[in-house]
Amino acid sequence: MPLFIVRHQHSPEACPARDPTMGVMLLNHLSRPSAARHGVVIKGEAVIRGAHTLFFIAEAADEDALRAFLTPFRQAGDVEVMAASTCAEVVASGGCDAPPTDISAALLDPADACQDAIDGGLLVHRAHPLNGETSVPDLAGGAVMPNGRFYLRNHFDIPNLDGERYRLSVSGLVERPLSLNMRDLHNLHAESLVVTLECAGNGRSLFDPQVPGEAWGMGAVSTAEWTGVPLIELIERAGPRPGATQLTFRGADGGTVEGHDAPIRFERGLTVDQIREAGALLAYEMNGEPLSPPHGFPLRLVVPGWYAVASVKWLTEIIVTDRPCEAHYQREKYWYEWMRNGRDERAPVTLMNVRALIASPDQGESLPRGETAIRGVAWSGATSIARVDVSLNAGPWREARLVGERRRSAWQWWELITRLDETGPLVVRARATDMAGRTQPEHAEWNRLGYGNNSIHCVTAQLI
C-alpha cells in the first residue's frame, strides 16, 4: 500500500492532551486495531515535546482513505498529508527525486526485497538489482546458513513466478521433449545435498588495482541443504540424441545489458558430462523450505563445486544442443582475463578455488588474554579440504583441527585452540589446502574482471 507521512499540529491553547477525555479518544483512535478498521496501517508515531506537533507514518489504500481516518485530528488542529517512500524504495528507484518504480506483478518489488535482505542481516551492496553479502562472522557456527542470511547475487530484477502456472521445458536435440509442472517434479526421485555456493566475484574489492564489478568483500558465499531432482536423471528421461552433449539453462530473469540492443535472458551452459560429474540438482527446497523468490522460486539449478553463476535461478528452460552456449554471461562475462608475456589470455570461470575464511575473531575485535579459539570455514570446488593452517603474528604455520566430516560439496569447519598471554595486536592468517594439493596463494593473480580471489585471509584483532 502507498506510504504517507502525516503531520498534525494544534495550538497550545487547544492541546487535546490537556483534556483527558479528548486525549484518550485520540489515543484510542490512533491504535493499530482502530486504524486497521479504517484500512490504515500505522508504522510509527512521535510527538515533538513542547511543539504541539505529532508526526506519524502510515500505509493506506489511498490518500482519501487516510484523510477520512484523520477526521478527529482535523477537528483538533491542522493536518498535512505527504506522500512518502521507504529508504529502500528510494535507493532502489535511484534517488529521492526519482519517480516511484512501476513494478509489474511478474517481478518482486525491489524495495521489499531490499528491506527483507537488510532485515535478514545482509550487507547490501546494491538495491536494484539486489546484491548483498553475508557477514563473515555469521559464516561459522552451523551446518547451513539460515535462508534470510544466505548471500544474494542478481543481474536483473527478481522474477515473482506463479508456482501453480510454472512449467520447466526440456527441448532441443532430445527424443522426448518434456514440459513439467512442479507437481511432476515433486513426483520424481529426489535427493538432498549440502552445497556451498560462492559468487565468482567474492573478494573482488581486495584486488589491487581495483577492478569493475560488484565490490564484494568476503561474504558472497553461503551453504544450504538443497533438495530436488538429480538433473542427469531428467536429461536421460528426455533422451539426448547422438552428439547432443551440451546444455543451455535459461532463467526467467532478464533485462538490458551494455552492448546489446535488445533485452536478454540470463543463460549459462554446461556439458552433460559436467552436470553428471558434479551431481547437479534441480532444487525446489532450500534448508527444508520452498525456495523464496530471491533464491530462485520455484526451481533453480544447483551445481556443486562450481562458482554459483552456473547455478541458474528461476530456471524455465533446458535446451539440449550439440554446440556450446554462446549467451552473454557465458561468452562475454565470467572469464579470467590476463595480460601475460605481452599477450591477452583468458580462461573460463568454472570450479571454485580453494579457500579458508576466518570467522572468529572478527576484524578489530577485542579479545581477553588466555585461551583463544580461532575458527572459520574452508572449501574447494575440486575436492574436499585436506588441511587448514593458521599463523599468528607472523609466526610459523600451525595445523588447525578440522571439525566434522569431509565433504566435497560443502564447506569444512575448522578451529585452532591456543593460549595467548601478551596484550597487543593479534594478526591471524589462515590458508587451506585441498585433497588435490591446491593451496591458497599469498596473493591471488589479478584479472581484469576480478574473479576467483582466494588470497590468504588475514584478520587483525586486539588482545587486552
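Mentor: Five strands form an open sheet in the order 8-7-16-11-12, with mixed pairing. Strands here are DSSP runs of E, at least two residues long, numbered from the N terminus. Two of them pair if DSSP finds at least two bridges between them. This is a predicted model, so local features need pLDDT of at least 70, side-chain atom pairs count only at pLDDT 80 or more, and totals for chains, interfaces and linings use all residues. Residues are numbered from 1 along each chain as its sequence is written, and side-chain values use heavy atoms, leaving out hydrogens and water.

Strand 8 (178-180) and strand 12 (264-271) are the edges, each pairing on one side only. On average, neighbouring strands are turned by 20° against each other, direction ignored. Those angles come from lines fitted to C-alpha atoms. Look at strand 7 (residues 168-172) and strand 16 (residues 315-321): they pair in the parallel sense over four bridges. Val170 has Ile318 of strand 16 as its bridge partner.

Now the loops. Pro129 sits between strand 5 (123-127) and strand 6 (130-133). The peptide bond from His128 to Pro129 is cis, with omega near 0°. Pro209 lies in the loop between strand 9 (191-198) and strand 10 (221-230). Asp208 and Pro209 are also joined by a cis peptide bond, with omega about 5°.

His128 and Pro129 also line the second largest cavity, along with residues including Leu108, Phe156 and Ile158. A cavity is a set of points on a 1 Å grid over the protein atoms alone, where a 1.4 Å probe fits but cannot get out; lining residues have an atom within 4 Å of a point. This cavity has a volume of about 60 Å³. A volume is the space filled by probe spheres set on the points, which are joined across faces, edges and corners. Its lining divides into eight nonpolar, one polar and two charged residues. Nonpolar covers Ala, Val, Leu, Ile, Met, Phe, Trp, Tyr, Cys and Pro; charged covers Asp, Glu, Lys and Arg; the others, Gly among them, are polar.

The largest cavity has a volume of about 260 Å³. Its lining holds 20 residues, with Arg153, Arg300, Ala308, Ser311 and Lys313 nearest its centre. They split into 12 nonpolar, four polar and four charged.

How values were computed. 1 Å grid on protein atoms, 1.4 Å probe; cavity = no way out; pocket = protein on both sides within 12 Å on 5 of 7 lines; lining within 4 Å. Axes fitted to C-alpha atoms, helices over the stretch in contact; angles between N-to-C directions.
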